[in-house]
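The structure is shown first.

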Amino acid sequence: GEKLLQDTAGLNGKAERYAEMRYFYETADGQLWIYGPGGLYARSKSAKAFEYYGSGRSNYFSIEYDAINQVYEDNAGVIWIASNRGLYYQNPRLAEVKNITLSTKPGDLEITDAIQLTNGDYWLSTWGKGIIVLDSGFNRKPLELHQLYKGPPGEKLAYKQCWSLLQHSSGLVFAGCQSGRLLLHHPRQGTTTFLNPPAMENHTIRYMAEGAEGQVWFGTQGGGVIRYHSGQFSKVFQLPSPTIIYKLLYDAKRSWLWLATFENGLYAINTATGKVMAHYFNTPDGKGLGGNTVKDMEIASDTTLYVAAGGALNLVNINSGKISVLSLKDGLPSKSISRLRLDSKGYLWITTQSGLCHYDSRQGRFSSFGKNDGMLNAEIANACDLLDHNQNLIFAGPNTLLFFHPNIFYDSPRPPAPV
């Protein structure tokens, strides 16, 4: 027949079959839903049109229905949709979690570290592809803009096999690379210096940290601890061979340097003397660490250090040396921990093979987050992590970034327990 009226509702998409829009539902934030037999539409308060949700099982987030019977919003802001084929829900967090794919080619970008520069740019180090620069909106910037690799020496590949990144308080950017190579970039001048310090002994630079007086500390694949100060590199400490240092953490209160190692436990050394102040490892009596390979660590307070070792979260009392090991029986969702990162409120975020969780030390409780919360790639974003200038959390892994502000998981109350 003849169309008499314009579409003043602004319906984007239409039902593929007969549909009756019988019911309306408005959420607390002004989102309007229209539904009934054969159709489901939603319109946000800021949008100019309704979006159509068709029926079909194409992926994890699809919905199947012949008729929508009810739409309901609970006190956590979750939208529940009852259809003749089942119950579905839409979590408002999904729109606030960014799952960013940097490459669709398997193994293309093996991300090893991430930092945010003072200008807001994100730098990602990769093994074999050098440094990737992203703006604050995660748009890739031309490498030539920073002149990072103009004029490197003959062993150019080693400088593109990057493992670690650090922006010094002076603004200078350090990039630790394969075979002891070091890239120093001066953002203001746009120039880069390429070094092969003898103190590194051609060992890969796995991690870097800045000390209280501006020194830069390096941990190497060969177990060496190197200090850079006043333009000079010097070896301060050597772990028993073969020992790999995974991470360095500077303890400003004690002027200690914590060393996370492969199969040799956790060390603390005095940065002034090079003396070993503490060494924690797995012990037969069960009073030590959960394992001897330490994947990551974070200083929780003046007295407590969080340590990922042996597939468990280890709480080390720095003063007494007592260790509490939290594992599956305590609510940890997996026996494999990759990364630890404290947020601005003191919650500890943990990447595991089962996805992402956080630990609330005040309640002694783990909370898990997965695909239903928008964490589509948490289990593979396990190579490095970052708390950026705006307190957003970033976890990165092969070809991928996971980005969100932790407040979105605190501001929404949990649904009440069933009665």
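## The sheet from β29 to β32

The model is a predicted one. Four strands make up an open sheet in the order β29-β30-β31-β32, and their pairing is antiparallel. At its edges lie β29 and β32 (365–369), each of which pairs on one side only. Neighbouring strands of this sheet are turned by 25 degrees against each other on average, with direction ignored.

Five bridges join β29 to strand β30 (residues 348–352), in the antiparallel sense. Within this part of the sheet, R339 stands opposite T351 in β30. In general, the strands of a sheet pair through backbone hydrogen bonds, either parallel or antiparallel.

## The sheet from β17 to β20

Another open sheet has four strands in the order β17-β18-β19-β20, again with antiparallel pairing. Its edge strands, β17 (205–210) and β20 (232–238), each pair on one side only. The twist from one strand to the next averages 25 degrees.

Strand β18 (residues 216–220) pairs with strand β19 (residues 224–229) over four bridges, in the antiparallel sense. V216 stands opposite Y228 in β19.

## The largest pocket

The largest pocket holds about 1,100 Å³ of space. It is lined by 39 residues, and those closest to its centre are D113, Y207, K247, R339 and R341.

Which elements give two or more residues to the lining? They are β10 (111–116), β13 (162–167), β17, β21 (245–251), β25 (294–299), β29 (337–342) and β33 (384–387). Two of these are edge strands of the sheets described above: β17 and β29. The largest share of the lining, six residues, comes from β10.

By residue class, the lining of the largest pocket divides into 21 nonpolar, seven polar and eleven charged residues.

## The cavity

How many cavities of 30 Å³ or more does a search of the whole structure find? The search finds one. About 30 Å³ of space lies in the largest cavity.

The lining of the largest cavity consists of A114, Y122, L124, F138, L386, I394 and L401. Seven of the lining residues are nonpolar, none is polar and none is charged.

Definitions and conventions
Residues are numbered from 1 along each chain as its sequence is written. This is a predicted model: local features need pLDDT of at least 70, side-chain atom pairs count only at pLDDT 80 or more; totals for chains, interfaces and linings use all residues. Side-chain values use heavy atoms; hydrogens and water are left out. On a 1 Å grid over the protein atoms alone, a cavity is a set of points where a 1.4 Å probe fits but cannot get out, and a pocket is an open set with protein on both sides within 12 Å along at least five of seven lines; lining residues have an atom within 4 Å of a point. Grid points are joined across faces, edges and corners, and a volume is the space filled by probe spheres set on the points. Ala, Val, Leu, Ile, Met, Phe, Trp, Tyr, Cys and Pro count as nonpolar, Asp, Glu, Lys and Arg as charged, and the others, Gly among them, as polar. Two strands pair if DSSP finds at least two bridges between them. Axes are lines fitted to C-alpha atoms, for helices over the stretch in contact, and angles run from 0 to 180 degrees between N-to-C directions.
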